[in-house]
Amino acid sequence: MRTLWIVLGVVGIIVVYFLFKIPGTYNKAVGLQENVKAKWSNVEATYQRRADLIPNLVSTVKGYAAHEEQVLTAVTEARAKATSTTIQAGDLNAESLAKFQQAQAGLSSALSRLLVTVEKYPDLKANQNFLELQAQLEGTENRIAVARERFNEEVKVYNTYLRKFPNNIFIGWASSDGEFEVMTPFEAEPTSAKAPEVKF
């Protein structure tokens with residue numbers, strides 16, 4: 001009889017453990033997932049800030065270098081493509097991130113070509129409006145790098161939590177609809193590893 005009570009006690013402790021552990025694990029996964037989504041929103045906001053600077057930059061350059069129409073058009077088209085390529089926070093997968101990165105890399109490349117073109121125009125390089133835009137663009141490139149790094153850190157924390165034992169089992173039981181999946185970190189394209197040079 002005593003053995004039966006010991007077995008029932010152990011089973012009871014295990015049941016209580018599971019009753020508290022599964023919801024706690026699930027809730028923490030929800031919190032970590034929301035952190036990743038918030039950091040992704042910051043990444044998109046910093047890219048949008050860069051995109052918002054470009055029309056003024058193009059307009060300023062056009063005033064001095066109107067015949068550089070091909071370069072100016074390329075920047076405008078790349079900006080349009082980059083701003084139209086967005087990812088919903090719930091769709092952060094490898095394929096959607098690759099499309100986003102490709103569009104942003106295209107904009108970085110076009111912007112770099114524009115800034116190289118500016119070298120031919122000393123008056124433009126001395127223009128106060130251009131200098132302010134240049135400083136804002138440089139600051140935005142730094143913000144982009146920081147936002148990507150913070151996003152990647154949150155993805156790492158989230159992915160690690162999902163994959164650790166026994167979390168992986170509990171989360172699998174608590175969310176059978178695939179609500180929690182390992183997320184892809186942001187990996188910069190080789191061509192965008194170096195931010196556009198904006199100093200003269």
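Me: Which residues lie nearest the centre of the largest pocket, and how many residues line it?

Reply: Rolling a probe the size of a water molecule over the atoms shows where empty space is left. This is a predicted model, in which local features need pLDDT of at least 70, side-chain atom pairs count only at pLDDT 80 or more, and totals for linings use all residues. Residues are numbered from 1 along each chain, and side-chain values use heavy atoms, without hydrogens and water. A pocket is an open set of points on a 1 Å grid where a 1.4 Å probe fits, with protein on both sides within 12 Å along at least five of seven lines; lining residues have an atom within 4 Å of a point. Here 14 residues line the largest pocket, with Gly90, Leu92, Glu179, Glu181 and Met183 nearest its centre.

Me: What volume does the largest pocket have?

Reply: A volume is the space filled by probe spheres set on the points. For the largest pocket this is about 230 Å³.

Me: At what angle do helix α2 and helix α3 pack?

Reply: Two packed helices are described by the angle between their axes and the distance between the axes. Helices are DSSP runs (H or I, at least four residues) numbered from the N terminus, and axes are lines fitted to C-alpha atoms over the stretch in contact, with angles from 0 to 180 degrees between N-to-C directions. Helix α2 (residues 69–84) and helix α3 (residues 94–118) pack at about 155°, their axes 8 Å apart. The two helices are therefore roughly antiparallel (over 145 degrees).

Me: Where is proline 166 found?

Reply: Proline 166 is in the loop between α5 (128–163) and α6 (167–174). The peptide bond from phenylalanine 165 to proline 166 is cis, with omega near 0°.

Definitions and conventions:
Angles under 35 degrees count as roughly parallel, over 145 as roughly antiparallel, 65 to 115 as roughly perpendicular and the rest as oblique.
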